[in-house]
Amino acid sequence: MGQRQTGEAWELRFRLSELAWAALQLLTGIRNYRSGGPAFYDSWTWVLLAAYFAALLGLDLSSLYYGEAKAVRRQKIFWLAGVVLTAIGGGLLLKNLPGRFLLVLTPFYAVAPLFTSLLHLQLDLPLEDALLRCALAALLLSGAHLLYFGFLARRAAGRKDLCSPKA
């Protein structure tokens, strides 16, 4: 397989994993937002959560090898928005304002079942505290991905990426 074919294969993997991750981001976010809380999580919640993290891992790995500048920049902008929305939305959680629906665009509602089920239902932590810890975890996840895609953007800008089909 030539260098151009390898680059095209990684581009396809990146595009498919990006599409799968984006769809699962919205699906899990909206589904968990509308679920009514941890008492209403079912087996599909956990299947979608596992699929979300698998797609996110696929996105991370494929972007490491594909690394085209525009695609990486797009991800970096998304994760920056995720940091900002999570920081704002995390403050709105305790005030119970409708603006917190914007958190479906962040990993908050994707990881919420982990925190609300473990901390609230299993360890009897008040739901507000569990949600605050969930907001911090989503903020850390978004921040880590912002740094990761920032690194990839600098790497792509600093050299002509060998895996890019345009090389």
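Predicted model: local features only at pLDDT ≥ 70, side-chain atom pairs only at ≥ 80, totals over all residues.
Asp60 belongs to helix α2, which spans residues 43-66. With a relative accessible area of 16%, Asp60 falls under the 20% limit and therefore counts as buried. Beyond its neighbours within four places in sequence, Asp60 is in contact with His145, Tyr148 and Phe149.

Four salt bridges were counted. One of them pairs Glu18 with Arg15, at an N to O distance of 4.0 Å. Both residues are part of helix α1 (residues 3-34), where they are three residues apart, about one turn of the helix. Glu18 is buried, at 11% relative accessible area, whereas Arg15 is partly exposed, at 31%. The side chain of Glu18 also meets that of Arg74 in a salt bridge (2.8 Å, N to O). Because Glu18 lies in helix α1 and Arg74 in helix α3 (residues 69-93), this pair ties together parts that are 56 residues apart in sequence. Arg74 is partly exposed, with a relative accessible area of 39%. Glu11, Arg15, Glu18 and Arg74 are linked in a network of salt bridges.

A further salt bridge is formed by Arg31 and Asp42, whose closest N and O atoms are 2.9 Å apart. Arg31 is located in helix α1 and Asp42 in the loop between α1 and α2, so the pair ties together parts eleven residues apart in sequence. Arg31 is partly exposed at 28% relative accessibility, and Asp42 is partly exposed at 31%.

Definitions and conventions. Residues numbered from 1 in each chain as written. Heavy atoms only, no water. Helix = DSSP H or I, 4+ residues; strand = E, 2+ residues; numbered from the N terminus. Buried < 20%, exposed > 50% of the residue type's maximum accessible area, 1.4 Å probe, protein only. Contact = heavy atoms within 4.5 Å.
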